[in-house]
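Please look through the structure shown below before reading on. The paragraphs after it begin with a single residue and then widen to the chains.

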There are 2 protein chains.
Amino acid sequence: MKCRAFHMLTVAVAIVVAWSFPAFAQTDPLPSWNDTPAKQAIIEFVGHVTEDGGSDFVAASDRIAIFDNDGTLWVEQPMYVQLAFALDRVKALAPMHPEWKDKQPFKAVLDGDMKALAESGEPGLVELIMATHAGMTVSEFSSIVTDWLATARDPRFKRLYTELVYQPMLELLAYLRANGFKTFIVSGGGVEFMRPWTDKIYGVPPEQVVGSSIKTKFVMRDGIPTIFRLPAVNFIDDKDGKPVGINEYIGRRPIAAFGNSDGDLEMLQWTTLTAGVRFGVLIHHTDAEREYAYDRHSHFGRLDVALDLAATNHWTVVDMKRDWKVIFPFQKQ
Amino acid sequence: MKCRAFHMLTVAVAIVVAWSFPAFAQTDPLPSWNDTPAKQAIIEFVGHVTEDGGSDFVAASDRIAIFDNDGTLWVEQPMYVQLAFALDRVKALAPMHPEWKDKQPFKAVLDGDMKALAESGEPGLVELIMATHAGMTVSEFSSIVTDWLATARDPRFKRLYTELVYQPMLELLAYLRANGFKTFIVSGGGVEFMRPWTDKIYGVPPEQVVGSSIKTKFVMRDGIPTIFRLPAVNFIDDKDGKPVGINEYIGRRPIAAFGNSDGDLEMLQWTTLTAGVRFGVLIHHTDAEREYAYDRHSHFGRLDVALDLAATNHWTVVDMKRDWKVIFPFQKQ
């Protein structure tokens with residue numbers, strides 16, 4: 001009798017232990033990462049900051065990890081996804097704007113003249129964004145984004161853009177969260193272009209997405225509270241805007257930052273160049289066959305100065321070709 | 001033998017059930033609230049949105065509740081705490097600014113001339129804020145706030161300001177969180193004046209605090225990444241700025257909003273005037289004996305238009321004198 005009761009107790013304890021013990025202690029939490037120094041650096045960092053009683057221990061509430069989006073979590077070639085969205089919106093809205101046929105930068109978009117579009121520069125780009133991203137309510141814009149992402153496909157892989165996210169980074173996001181981290185996106189992209197889908201795709205809820213924004217205005221319209229999107233820049237969350245955005249929207253300093261371009265330089269500096277264990281990572285696009293290979297001379301996601309500073313600052317450079325078994329979720333075995 | 005094993009199982013199940021079952025099902029989650037309609041409305045709302053399978057069920061991730069701070073979570077009389085802080089800072093910094101002795105609104109502060117200070121109006125107030133809240137790094141400002149709150153006391157109760165928080169609201173915050181809500185502060189006050197202490201006092205971490213802000217700038221200073229506070233307004237999170245701030249910083253629409261003044265009117269409209277079960281609350285300061293009694297004619301926290309609109313909009317008005325057993329934590333039995 002005693003023996004049997006003891007056995008039941010043993011089983012019960014075993015079940016409790018199995019439940020308490022994280023799954024990743026038994027199975028590889030990063031199966032799409034090759035066993036290279038990059039993967040080892042990630043595992044080592046997480047081990048240090050979560051080691052209770054260790055000298056590098058960081059309380060769970062302070063385990064803030066930030067991720068750039070374009071080129072860090074999903075593709076940014078042959079152009080930023082949001083730019084592809086803006087060009088499609090110009091085409092969709094053109095019938096209501098006959099004057100666009102003769103007016104740059106809209107003419108360039110409608111003619112498919114990428115050279116003329118490039119020549120319109122940043123002012124042209126801002127004009128495109130204002131014409132396509134403003135002039136509606138925030139919920140209308142959210143629906144437009146959601147509808148577009150449900151059908152638009154990239155020119156090379158012919159996939160939905162939300163399929164062109166990096167499988168190793170999805171595993172990394174999940175691994176960090178399983179270790180008590182709160183994961184944030186800090187992107188130069190438009191915050192309201194990301195929020196409709198980041199929770200579903202990355203597990204990052206809207207309130208943990210920081211990005212660029214245009215101004216908005218609250219009005220009561222026929223007794224219905226409404227927030228309108230205005231054609232004016234509010235905040236540019238890029239370069240030295242990223243630490244400003246982190247401080248303003250998150251309100252504390254991250255301990256880990258993941259980026260892939262010079263636009264992420266200041267965010268990496270702000271995160272890592274301080275006391276305590278910190279982790280900075282640059283994703284280096286080195287795989288022309290499976291994705292794209294680019295760095296110092298790319299129009300989108302240029303990686304130049306930050307790459308030169310990586311060694312001095314002890315940032316881990318992830319070589320996509322060498323370090324990743326697969327790039328996209330649909331390539332998983 | 002079987003019987004004993006069965007008994008063990010029963011005990012095990014009982015333990016599991018006891019653990020799973022929220023403590024508040026057995027004990028009152030809001031002990032400092034009298035059993036009045038206000039308390040019943042809170043319990044009823046939480047019951048509706050958490051009832052799995054019920055028609056009003058809201059997924060935990062969408063249970064966003066927002067709270068104004070001044071007058072909703074802590075005292076705002078005889079003046080906003082942040083204004084008391086600014087006045088103290090003017091006095092502390094005066095030796096470095098001999099010109100202030102003859103210059104308004106600083107002269108008024110140094111002379112203790114509240115009438116002259118009031119006459120300087122909003123421009124005067126902005127000048128005081130810029131002189132005391134800018135010109136240092138964000139971490140220096142955080143330390144200044146923390147140091148001041150550790151010793152400054154209010155003129156009436158002679159207590160630390162962080163002791164003058166409302167016990168019933170602390171219970172409400174905890175009750176909502178125990179029911180899967182994510183609690184945010186949405187305050188007209190300065191976000192960097194609140195973030196150093198809201199986690200400890202309210203259980204609201206820095207990234208869940210939305211407030212007014214001044215502009216900041218990132219610079220590398222002698223190789224050290226630094227964020228400086230600049231003397232320029234960035235965002236005013238008050239009145240119609242509150243829904244804008246909610247949309248910009250939180251990125252989704254709350255289902256419950258708690259405020260106490262006309263500054264919270266648009267935030268209550270944005271939260272409640274839409275489909276689905278929504279909950280809007282106004283804290284009405286009615287207890288001159290235990291705290292303060294004020295509404296339509298107060299300089300700080302004026303409650304006038306929003307009070308008139310409460311009935312039409314089905315907002316719950318909490319009468320502090322009638323609905324609260326105690327006001328402050330130190331009055332608990």
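**From one residue to the pair of chains**

In this predicted model, Ser213(B) is buried, because its relative accessible area is 13% and buried means under 20%. This residue lies in strand E3 of chain B, which runs over residues 209-221. When its neighbours within four places in sequence are left aside, Ser213(B) is in contact with Val191(B), Val233(B), Asn234(B), Phe235(B) and Tyr249(B), and also with Glu248(A) from chain A.

Chain A is superposed on chain B by a rotation of 180 degrees with 0.0 Å of shift along its axis, and the RMSD is 0.0 Å. This is the relation of a two-fold axis. Of the interface residues of chain A, 100% are also interface residues in chain B, so the copies meet through the same surface.

Turning to chain A by itself, its secondary structure consists of 14 helices and 7 strands, and its C-alpha atoms fill a box of roughly 90 × 55 × 40 Å, taken along the principal axes. Among the contacts in chain A with a separation of 6 or more, 65% are between residues 24 or more positions apart.

Chain A has 333 residues, of which 51% count as buried, while its accessible surface comes to about 15000 Å², with 58% of that belonging to carbon and sulfur atoms.

Methods: Residues are numbered from 1 along each chain as its sequence is written. Chains are lettered from A and ligands numbered from 1 in the order in which they are written. This is a predicted model: local features need pLDDT of at least 70, side-chain atom pairs count only at pLDDT 80 or more; totals for chains, interfaces and linings use all residues. Side-chain values use heavy atoms; hydrogens and water are left out. Copies are superposed by least squares on the C-alpha atoms of residues with pLDDT of at least 70 in both. Contact means heavy atoms within 4.5 Å. Helices (H or I, at least four residues) and strands (E, at least two) are DSSP runs, numbered from the N terminus. Buried means under 20% relative accessible area, exposed over 50%, partly exposed in between (1.4 Å probe, protein chains only). Accessible areas come from the Shrake-Rupley method with a 1.4 Å probe; for residues, only the protein chains shown count as cover.
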